[in-house]
Amino acid sequence: MSSDTIADIITSIRNADMDRKRIVRIASTNISQSLVKILLREGFIENARKHRENNNYFLVLTLRHRRNRKSSYKNILNLKRISRPGLRIYSNYQRIPRILGGMGILILSTSRGIMTDREARLERIGGESLCYIW
């Protein structure tokens, strides 16, 4: 684990998805719980549960896959980290980008917590762009 927990979460989910794993385990922090709630609400993952092992808490995520017998396997999750510890990216509510014309989501860290781009536009608040998901 590095000092960038959001990048670790995104990388773990992306690697499990590319390797066709159904279940991925990530460390449980307040930020990771907020990100998982958004992913669950938006339908990018099927299930999430909290697991305790030796006084350490983990989130066990069940990933959603598109499987079609006629064609090859396709990844459902495309995640990209935007703001990082060396370069923070901020935007006000008017300049929040739309991902794939509204098909994807942008996760923002605002003064009212971690939320999606749609929620931030409705509440008219900006913040730090954490990651894109499409």
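Guide: Three salt bridges are counted between domain 1 and domain 2. A salt bridge here is a side-chain nitrogen of Lys or Arg within 4 Å of a carboxyl oxygen of Asp or Glu. Helix H1 (5-18) and helix H2 (30-42) each give at least two residues to the side of domain 1 that touches domain 2. Helices are DSSP runs (H or I, at least four residues), numbered from the N terminus.

A word on the source. This is a predicted model: local features need pLDDT of at least 70, side-chain atom pairs count only at pLDDT 80 or more, and totals for chains, interfaces and linings use all residues. Residues are numbered from 1 along each chain as its sequence is written, and side-chain values use heavy atoms, leaving out hydrogens and water.

Now the two partners. The domain assignment, automatic or from a database, gives domain 1 (3-61) and domain 2 (77-131). Their centres, taken over C-alpha atoms, lie 19 Å apart. Domain 1 brings 14 residues to the contact and domain 2 brings 15. Contact means heavy atoms within 4.5 Å.

Next, the area. About 1,400 Å² is buried between domain 1 and domain 2, and carbon and sulfur atoms give 72% of it. Buried area is the accessible area (1.4 Å probe) that two parts lose on being put together, summed over both. In domain 1, Ile 10, Ile 38 and Phe 44 lose the most area to domain 2, together 31% of what that side buries.
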